[in-house]
Amino acid sequence: MSFPTLAEHVVEVLAQLVARTITGQRQRAADTLYDAVIGRLRRTGTAGTFDLFAADPAAPARRRPLVDALNRQFKDDPGFRDLIAGMVRATDIGAPEPVDVAARFPARKVAIAVVGTLAAVGLAIGGRAVYLNLTDVPLPDGTTSCRTFFAMSTADQRSLLERIYRARNEPLREQDPYIVSAVLYGCGQNPERTVDDVISS
């Protein structure tokens with residue numbers, strides 16, 4: 001897969017992830033891709049292109065800066081380009097969700113398909129852990145923008161807030177079942193703020 005086709009494909013996967021239209025095994029692979037892209041954008045000071053994109057992933061004018069930023073990264077670092085290409089393939093974005101496979105294929109083919117699917121999931125999860133270890137991508141923290149916070153999964157949002165409250169030595173707030181919705185509400189009032197700004201207000 002060559003750039004800029006790869007960059008456009010990456011942005012399409014991220015758009016589906018932000019819109020929460022990717023589910024199941026494909027979402028795990030897409031999460032791995034998201035971590036890799038966001039980590040690189042943060043290290044190169046271009047994370048604002050994702051924030052702009054996440055506000056309206058369907059708008060071509062908001063996609064273009066992110067595509068351009070990824071193209072530059074792929075051109076400057078072929079190793080990163082190849083890593084991302086593998087992650088994009090793992091999302092299998094064009095594949096339909098599985099439907100009644102057993103009724104359409106003999107048992108042996110079903111067994112092969114199941115083993116292949118489990119291997120792909122294992123690679124996606126393992127690839128995410130290896131990538132995070134190799135590149136030392138920092139976990140999201142209080143400086144995360146509201147726009148990025150909106151794009152995170154509910155589990156990741158809660159995990160981030162729990163880490164923040166733990167660091168602030170506020171264990172009671174950490175246990176609050178409404179911490180995510182409270183921050184989402186605050187972010188909705190002003191998407192330009194950071195999570196720390198919302199918590200402190």
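Reply: Happy to! Let's start with the touching residues: Gln 73, Phe 74, Lys 75 and Asp 76 in helix α4 meet Pro 78, Phe 80, Arg 81 and Ile 84 in helix α5. Contact here means heavy atoms within 4.5 Å, and helices are DSSP runs (H or I, at least four residues) numbered from the N terminus. By class, this contact has four nonpolar, one polar and three charged residues. Ala, Val, Leu, Ile, Met, Phe, Trp, Tyr, Cys and Pro count as nonpolar, Asp, Glu, Lys and Arg as charged, and the others, Gly among them, as polar.

Before going on, note that this is a predicted model, where local features need pLDDT of at least 70 and side-chain atom pairs count only at pLDDT 80 or more, while totals for chains, interfaces and linings use all residues. Residues are numbered from 1 along each chain as its sequence is written, and side-chain values use heavy atoms, leaving out hydrogens and water.

Now the geometry: α4 spans residues 60-76 and α5 spans residues 78-91, and their axes come within 5 Å and cross at roughly 120°. Axes are lines fitted to C-alpha atoms, for helices over the stretch in contact, and angles run from 0 to 180 degrees between N-to-C directions. The two helices are therefore oblique to each other: angles under 35 degrees count as roughly parallel, over 145 as roughly antiparallel, 65 to 115 as roughly perpendicular and the rest as oblique.

Stepping back, α4 and α5 belong to a protein with 12 helices and zero strands. Of its 201 residues, 37% are buried, meaning under 20% relative accessible area with a 1.4 Å probe, protein chains only.

Conventions. Buried means under 20% relative accessible area, exposed over 50%, partly exposed in between (1.4 Å probe, protein chains only).
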